[in-house]
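Hi,

Here is the structure I promised to pass on. Please have a look, then read my notes below.

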Amino acid sequence: MSTLMEQASDKETRQLHDNHENPNNDEMEIDLLEIVRKIIGIRKTLYKAAIVGAVIGLVIGFSIPRKYTVTVTLSPEMGSSKGNSGLAGLAASFLGSGASMGADGSDALNAALSSDIVSSTPFLLDLLEMQVPSSQKDGGEMDLSAYLDSQSSPWWSYILGMPGMVIGGIKDLLSSDEEETDKSSMNGMFMLTEEESQKILSLKKNVSVMMDKKTAITNVSVTLQDPEVTAVVADSVVRKLQECIIGYRTSKAKEDCTYLEKLYQDRQQEYYAAQKKYADYVDTHDNLILQSVRAEQERLQNDMSLAYQVYSQVATQLQMARAKVQEEKPVFAVVEPAVVPLLPSGMGKKMYILAFMFLAVFATMGWLLLGKDLLHGLKYSK
């Protein structure tokens, strides 16, 4: 009997000890039950909040215009030291080992700078002038600048932009109508109007280039409101980017080629003149055996030989330069071309509705369960 009483006493002691060590267990259970009870009590209010959130999400979802994204994937050739490889090396093997056009060195402009090239002001200004399908769907065309003006915006953007429009209108009234702006100046600077600046900023947000440094795979993405226009602009951005890089990579070789062509023509004329002078002298002094005649004939022959050597060397260098122009053109393999998208990108209307429903429900729940008590405590604490 005493043993049973001792066991019961030990059990009660352990329970008291456990409760003393974890006094929050019962309180946590009570708090959770209380929170669930409160949530059930305000469930009708939460239903109303969910409906209000759904309506707000629906309004915002229909107010935000649909946008389409087109991504073109490129695999560009990275700039490297070619040495005597390629066409220039092949030409050197035929023209002689002494023929060499040094190509060592790294490029100042290559595919690794695609993102900076596409976001540059000259590139985007040129892009604004490209022709895109008309938004009227009448088969006509319009420039990209006019298309950007025709894009729709959410209704709240007009409200937020109203002060800027008023200030801009006042500035236009105060400014002289005879003032004209020029995009370029003698120092290479660009003077843009406010409208052009806004369009360039819009293009910088909607046209992006991402490059994987390990694989050199480059993704060019364009986001606009018309799927066909988006695909056309993406294709044009890729083409202009290729032209920009190719133009730089081949510009030095083309300059060398132009210089050598002029030099080749000059040396050719000098050789022909020396050859004709030698031939004329031999024809007029063929029967004379004077030593002075032989000496003059030998001198003219040496001049002709020297002119021919220079002419031959320049001709070799010209052939090398022509081969190098083609060799310097980088290769851009289009892995994924521009395809007209069928579905819009970004969040759909359902996502907006669900997001605002959850936001409204949790905001209402937080206010009713915590906000009121916290505000009430602050009032009484004062």
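**Sheet and cores**

Helix α10 (residues 194-206) lies across β4 and β5 and runs at about 40 degrees to β4. Keep in mind that this is a predicted model.

The sheet first. It is open, with four strands in the order β4-β5-β1-β6, and the pairing is antiparallel. β4 (207-211) and β6 (332-336) stand at the edges with a single partner strand each, so one side of each has no neighbour in the sheet. On average, neighbouring strands are turned by 25 degrees against each other, direction ignored.

Now the pairings. β4 and β5 are joined by five bridges and run antiparallel. V207 stands opposite V222 in β5. The hairpin of these two strands has six residues between them, and there A216 takes a positive phi near 65 degrees. On to β1 (residues 68-76): seven bridges join this strand to β5 (residues 218-224), again antiparallel. T69 faces T223 in β5 as its opposite residue.

Then the packing. The largest nonpolar core has 32 residues; V132, L144, Y147, L203, V233 and V237 touch the most other members. At least two core residues come from each of β1, α5 (114-118), α6 (121-128), α7 (144-150), α10, β4, β5 and α11 (227-284). α11 gives the largest share, eight residues.

V132 is worth a click. Beyond its neighbours within four places in sequence, V132 is in contact with G140, E141, M142, D143, L144, Y147, V229, V232 and V233. There is also a second, separate core of nine residues, including Y281, L300, A307 and Y311.

Best wishes

Note on methods. Residues are numbered from 1 along each chain as its sequence is written. This is a predicted model: local features need pLDDT of at least 70, side-chain atom pairs count only at pLDDT 80 or more; totals for chains, interfaces and linings use all residues. Side-chain values use heavy atoms; hydrogens and water are left out. Two strands pair if DSSP finds at least two bridges between them. Axes are lines fitted to C-alpha atoms, for helices over the stretch in contact, and angles run from 0 to 180 degrees between N-to-C directions. Contact means heavy atoms within 4.5 Å. A nonpolar core is a set of buried Ala, Val, Leu, Ile, Met, Phe, Trp, Tyr and Cys residues joined through side-chain atoms within 4.5 Å. Buried means under 20% relative accessible area, exposed over 50%, partly exposed in between (1.4 Å probe, protein chains only).
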